[in-house]
Amino acid sequence: MHPNLVKRTLLAGAALAVLAACGAGAKGGPDGATRAAVPAPAKKAAQKPAVDGLPGMPPVLDPKDVYAADRPNRLSPVVRDFPSRVYVPNTESDTVSVIDPRTYQVIDTLRVGRQPQHVVASWDLKTLWVNNDRGNTLTPIDPRTGKTGRSVEVHDPYNLYFTPDGKYAVVMASLDRELVFRDPHTMKRVRTEPVTCYGVNHADFSLDGRYFIVSCEFSGELLKVDTAKMKVVAQQRLPFPGAMPQDVKVSPDGKRFYVADMKADGMWIVDGDTFGKPAFLHTGKGCHGLYVSRDSRRMYVSNRGEGTISVFDFAANEVTDTWRLPQGGSPDMGGVSADGKVLWLSGRYNSEVYAIDTGTGRQLARIKVGSGPHGLAVYPQPGRYSLGHTGVFR
């Protein structure tokens with residue numbers, strides 16, 4: 001072969017070898033050309049939740065709004081077919097008045113145990129528990145039928161909460177000076193945490209569910225409780241002589257806790273994480289109950305001693321309006337309707353219930369009920385699960 005021909009043949013072979021090497025393991029393109037293999041994409045690391053919540057707790061929907069699941073009429077499938085009712089425990093009559101919110105009429109009166117204080121939705125939303133404080137029982141109500149079931153023996157159940165993971169019921173045993181952790185269904189005692197303050201009664205949980213703040217009415221103190229350990233981890237006395245802290249609510253962003261004080265006539269504002277010295281904001285005489293609006297922008301504050309409701313703006317950090325009940329009254333505990341348009345409050349010393357338009361502050365109805373109405377529950381309400389009291393939902 002001619003030397004130049006040999007040279008050209010060798011060069012062509014080398015080029016083909018290079019092309020073959022570049023195409024090793026590759027697939028042909030649509031035009032039949034050979035292309036280089038593309039490495040498989042690396043596996044993505046498991047995405048961390050926005051909030052590192054208490055194990056077993058449903059994930060936080062919005063780290064900037066703990067009440068994101070409570071939007072108007074966003075009812076869980078569990079409660080969607082329940083009739084809308086207002087359940088009013090009458091502490092001096094030992095009854096629960098059942099109101100139809102469409103007609104403002106009492107449609108039933110249920111006999112329960114001695115001195116019912118609050119009506120509380122269970123964590124799974126299926127049951128309403130009547131807290132018969134002096135009767136030392138909890139009476140279940142089936143919210144589908146409105147009928148009571150067999151009462152369960154529970155000592156000193158002044159108020160009732162549920163841990164965010166649904167693992168325990170927490171009984172606020174006010175006179176016993178205990179936080180009692182119980183099975184949320186059978187109410188069997190699991191653990192008792194004695195406290196050194198007097199009158200444990202109301203609470204709310206942190207954004208991540210890992211702790212909760214408790215008010216002690218008769219000694220003017222606050223507790224911080226580790227949810228998983230079921231132990232008090234901090235305690236402080238409010239800086240006001242004769243302080244009587246009542247309802248507790250966490251801010252939408254989870255950074256602050258508001259504590260109503262009916263002797264100081266306003267709210268204490270506490271950083272839950274640091275649990276430092278609280279600030280104070282005046283609302284009105286006998287500041288008592290705290291209820292967040294369905295858009296998480298406002299909080300309705302019942303001032304039992306003067307018959308008014310203060311409207312607190314979270315962003316502005318101030319009271320922006322005051323609604324006064326015609327003919328006065330004693331607005332106490334209650335809740336907001338599923339659509340967010342009506343605030344329902346018991347009239348503790350007037351044997352009545354108030355329905356108030358949340359858009360205008362106008363009183364829509366005054367309804368006569370039994371004696372000493374207290375922690376009424378509007379039910380059903382939006383939310384995925386209940387943390388207890390008269391309507392703390394997430």
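This passage describes two regions of a predicted model: the surroundings of Ser174 and the strand pairing about E23.

Ser174 is located in a loop, with strand E10 (169-173) on one side and strand E11 (178-182) on the other. The residue has a relative accessible area of 8% and is therefore classed as buried, the criterion being a value under 20%. Beyond residues up to four places away in sequence, Ser174 makes contact with Asp156, Tyr158, Gly199, Val200 and Phe218.

Strand E23 comprises residues 308-313 and is mostly covered, five of its six residues being buried. Pairing was found between E23 and strand E22 (residues 298-303), in the antiparallel sense and over six bridges. Within this pair, Phe312 of E23 is placed opposite Met299. The two strands form a hairpin with four residues between them, in which Gly307 adopts a positive phi near 70 degrees.

Strand E24 (residues 318-324) likewise pairs with E23; the sense is antiparallel and six bridges are present. Here Glu318 in E24 stands opposite Asp313. A hairpin is again formed, with four residues separating E23 from E24, and Asn317 in the turn shows a positive phi of about 60 degrees.

Note on methods:
Residues are numbered from 1 along each chain as its sequence is written. This is a predicted model: local features need pLDDT of at least 70, side-chain atom pairs count only at pLDDT 80 or more; totals for chains, interfaces and linings use all residues. Side-chain values use heavy atoms; hydrogens and water are left out. Buried means under 20% relative accessible area, exposed over 50%, partly exposed in between (1.4 Å probe, protein chains only). Contact means heavy atoms within 4.5 Å. Two strands pair if DSSP finds at least two bridges between them.
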